[in-house]
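The following exercises ask you to read a structure step by step. Try each task before you turn to its solution.

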Amino acid sequence: MEPRKTPLYEQHKILKAKMVPFGDWLMPVSYSGVLAEHKAVRETSGLFDVSHMGEILVNGKGAESFLQKMTINDVTRLKDGSGQYTAILQPDGGMIDDLIIYRLEKSRYFICANASNTDKDYAWLKQQSASFQDVTIVNDSTHWGQLAVQGPKSKTAVAALLPESSRQALEHLNYMEIMGVMLFGGNALLARTGYTGELGYELYLPTEVIEKTWIALLETQGTSQIQPIGLGARDTLRLEACYLLYGSDMNDTFSPLEAGISWATKLAKSDFVGKAALVAQKSAGITRSLMAFRMLEDGIPRHDMVVYQGLEAVGKVTSGSVLPTVGGAGGLAYLDPRNVGVGAEVTIDIRGKRKLARLVEKPLYKAKIKG
Amino acid sequence: MVFPAELKYTKDHEWLDSTANTAKIGVTAYAIEQLGDIVHIELPKVGETFTAGSAFGTIESTKTVSDLYMPIAGKVVEVNQAAVGKPESLQSDPYKNGWLVKIEVAGKPDQAALLDAKSYEKYVAEHSD
C-alpha cells in the first residue's frame, strides 16, 4: 500500500528531510539531525508537522454526557475554550487510545487522536454512540492538518503569524486552552498544548492553508528562532518529559492506572466504560506500574529489552533512547511496584550484555509548559 | 559524495587503510550520513581476532544500531577510545581521527571483495534514494 503523505510532503523534500514510514504515513524523521533539533526545541523553538494526527468531532446536546461515559477524565470540568488529557478504555480497562478533548462550545467537542488509532477510535465512538441521544460523531481528519510550535520562543513565533486582533488573546491563552484564529483565510484552532515539555502551541489548520502557515512560520523568523523538527527529536523530547506514546508505553493490555495516568482518571465521577475494571484493579492492588529509569552504564535501552532484578526477568523496556538534555540514556518500563521503586537498581539486557540502570522519579525533564 | 582515493571500501560502508601487515578500519561518511547522529559505539578488546566479514562491534544512532564488519581478517591491536568517548566526533572526521580499530593483518586478504574509491562511489550512488 502506498504510504500516506501529509500536505507538507513537498516542503519536507525541499528541506531535504530524511523521510521514514510511520504507520501508514511517510513522515520526516529529521532535517538537520535529531540531537540538533532536540536542542533547538529546548533552547529556541521548533516546528513540527503532525498532520498525521486525527481530528474527531463530537457534537450535539448529548455530547457532554456521552463523552463523560466514554472517557476517564471529567469532561464536565471543561469550559468553552478549554481542553483536557484523557483516554478511552475497553470495558476491561485496557486503553484504546489517549486523547486530548477540547470543548469548543457546550455542544461541540474537538478530539485530537493518535495517528495510528484514529480509525479505531472513530469506529468505537460511533458504535458506542448508537445507544445515546443527540450525539453525532464525525471523523474530520482529512480536513485538518496540524502543526506544533514548541520551545521558549514559540509564543513569539506564533504571535508573528497572528492578526493583531488575536495577539491579545494569545497573551491570555493558558495551558490547555484553545482559541479560534483566522489564518490565510482559514478557520484555525490554536491550543496551548504540546508533547515536548516546553512552552508550546498546537495549531489545527484546514488543509488548504497549512503549507502557507508552515512557510510563514519558518520565514518570518530565522533559524535562530525556529527550525523544522522531525519525529526523531519528537520522541527524545517527549521521553525526557515522560509523556507516553501509545503503542510503545501503553496498549489495550494496560490500564491508565498502570500507565501512570491516574491523575487524569476520575474514579469518583459517574460510571464510564472501564470504570468497574479500574476500581477492582485499584482495590486488588496495582502489580504493574510504568516507571522511569536512567542508565548507569554505557548502552542505549530500546523498546522490548528485558529488565532484570538480579537474575530474574521482571519487565521490559517500553520506550528508551539517549536523553540529550538530561544526559546519558534512559527510558520507561513496567515493573512491579511491590518489588521495586525509585532508587532501586536493575539491569537491562542490551544486545546480550546486562547494563546497570537506576529507577528515578518521573519526569526525567521537568516540563516548562507554564512558560 | 566523494571518497578518499587512497582507501579501500566494502559494501557495508567500512573503509580500510592497509599496509602489508597492519590496517586501520572505520566507517564512511555515507554510512554516517545514513545513520544520523552517532550516539554510541561498541568496539572489541585488544587481542580479539576476527575473520573477514565478521561483526566486530556496533555503531548506534538515535534511532538504529548497525553492526560493524571486518573488511579483512586480523587481530585487534588498538581501539580508538577517543571515538568511543565522543561518538559524535565521527561526523566531522570519519577518516583520519575517526578510525575505529587498528589490526594486525592475518594471512593474505581477498582483494576482490574490496572496492576502490571510484567503485564505492558508484555503488553508493546506485543504492541511494
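**Exercise 1.** How far apart do the C-alpha centres of domain 1 of chain A and domain 2 of chain A lie?

*Solution.* Begin with the source: this is a predicted model, in which local features need pLDDT of at least 70 and side-chain atom pairs count only at pLDDT 80 or more, while totals for chains, interfaces and linings use all residues. Residues are numbered from 1 along each chain as its sequence is written, and chains are lettered from A and ligands numbered from 1 in the order in which they are written.

Next, take the division of chain A into domain 1 (1-285) and domain 2 (287-360), with bounds that come from an automatic or database domain assignment. The C-alpha centres of these two domains of chain A lie 28 Å apart. Their contact takes 16 residues from domain 1 of chain A and 17 residues from domain 2 of chain A, where two residues are in contact if their C-beta atoms, placed from the backbone, lie within 7 Å. On the side of domain 1 of chain A that touches domain 2 of chain A, α2, α8 and α9 (256-259) each supply at least two residues; helices (H or I, at least four residues) and strands (E, at least two) are DSSP runs, numbered from the N terminus.

**Exercise 2.** Describe how helices α2 and α8 of chain A cross, and which residues meet there.

*Solution.* First find the angle: the axes of α2 (residues 34-43) and α8 (residues 231-240) of chain A come within 8 Å and cross at roughly 55 degrees, the axes being lines fitted to C-alpha atoms, for helices over the stretch in contact, and the angles running from 0 to 180 degrees between N-to-C directions. The two helices of chain A are therefore oblique to each other, since angles under 35 degrees count as roughly parallel, over 145 as roughly antiparallel, 65 to 115 as roughly perpendicular and the rest as oblique.

Then list the residues: A:V34, A:E37, A:H38 and A:V41 in α2(A) meet A:G232, A:A233, A:T236 and A:L237 in α8(A).

**Exercise 3.** In which order do the strands of the 5-stranded open sheet of chain A lie?

*Solution.* The order is β5-β6-β7-β4-β8 in chain A, with antiparallel pairing, and two strands pair if DSSP finds at least two bridges between them. The edge strands, each pairing on one side only, are β5 (82-89) and β8 (136-139) of chain A. Finally, follow one pair: 8 bridges join β5(A) to β6 (residues 95-105) of chain A, and A:I88 has A:D97 in β6(A) as its bridge partner.

Key
A crossing is left-handed if the near helix is turned anticlockwise from the far one by less than a right angle, and right-handed if clockwise.
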